[in-house]
Amino acid sequence: MKKVYLGKSNMANLDHISTIRKELSRFNIDIVEYIGGGYSNKPLLNSDYLIVVPACVNSNLHGSISLGKGLYQQIKEFGDKFGRKNIIII
């Protein structure tokens, strides 16, 4: 079974996150998320894909997103280990 790590900003739209979880649950995959407490990157680095849900902010710059330090670090660590091809930013 493939594992998908769902990395999400604390400022992400909760409806978007709920919809993403619902869509992912349609497939034979294990959804892994940080749910609080002490953070470890082991679940992230044991996943096959990283899906990133950034902060939901208005921007005047077309196509830009806002990434906090935590999401940036997750993208960097996952990308350093697996490359960028299995990272999806929604």
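Reader: In which helix does Phe82 lie?

Author: In this predicted model, Phe82 lies in helix 3.

Reader: How exposed is Phe82, and how is the class assigned?

Author: The class follows from the relative accessible area: values under 20% count as buried, values over 50% as exposed, and those in between as partly exposed. Phe82 has a relative accessible area of 32%, so Phe82 is partly exposed.

Reader: Which residues are in contact with Phe82, leaving aside neighbours within four places in sequence?

Author: With those neighbours left aside, Phe82 is in contact with Leu45 and Ser47. For C-alpha atoms, take Phe82 and Asp48: 8.6 Å separates them, although the two residues are 34 residues apart along the chain.

Reader: Gln74 lies in helix 3 too. Is Gln74 buried or exposed?

Author: Helix 3 spans residues 69-82, and Gln74 is part of it. Gln74 is buried because its relative accessible area is 9%, and the cut-off for that class is under 20%.

Reader: With which side chain does the side chain of Gln74 make a polar contact?

Author: The partner is the side chain of Tyr5, at 3.3 Å. Beyond four places in sequence, Gln74 is in contact with Tyr5, Gly7, Tyr39, Leu44 and Leu50.

Reader: Now the sheet. How do strands pair in general, and what is the strand order here?

Author: Strands of a sheet pair through backbone hydrogen bonds, either parallel or antiparallel. Here four strands form an open sheet in the order 2-1-3-4, with parallel pairing. Strand 2 (29-33) and strand 4 (87-89) are the edge strands, each pairing on one side only. From one strand to the next, the twist averages 25 degrees.

Reader: Over how many bridges do strand 1 and strand 2 pair?

Author: Strand 1 (residues 2-8) and strand 2 pair over five bridges, in the parallel sense. Tyr5 has Val32 as its bridge partner in strand 2.

Reader: Which strands do helix 1 and helix 3 lie across?

Author: Helix 1 (residues 14-24) lies across strand 1, strand 2 and strand 3 (49-53), and runs at about 175 degrees to strand 1. Helix 3 lies across strand 1, strand 3 and strand 4, at about 160 degrees to strand 3.

Reader: How is empty space found, and how much space lies in the largest pocket?

Author: A probe the size of a water molecule, rolled over the atoms, shows where empty space is left. The largest pocket holds about 320 Å³ of space. Its lining has 15 residues; Lys8, Tyr34, Gly70, Leu71 and Gln74 lie nearest the centre. Strand 1 and helix 3 are the elements that give two or more residues to this lining. Helix 3 supplies the largest share, six residues.

Technical notes
Residues numbered from 1 in each chain as written. Predicted model: local features only at pLDDT ≥ 70, side-chain atom pairs only at ≥ 80, totals over all residues. Heavy atoms only, no water. Buried < 20%, exposed > 50% of the residue type's maximum accessible area, 1.4 Å probe, protein only. Polar contact = N/O pair within 3.5 Å; in protein donor to acceptor, adjacent residues only side chain to side chain. Contact = heavy atoms within 4.5 Å. Pairing = 2+ DSSP bridges. Axes fitted to C-alpha atoms, helices over the stretch in contact; angles between N-to-C directions. 1 Å grid on protein atoms, 1.4 Å probe; cavity = no way out; pocket = protein on both sides within 12 Å on 5 of 7 lines; lining within 4 Å. Points joined across faces, edges and corners; volume = space filled by probe spheres on them.
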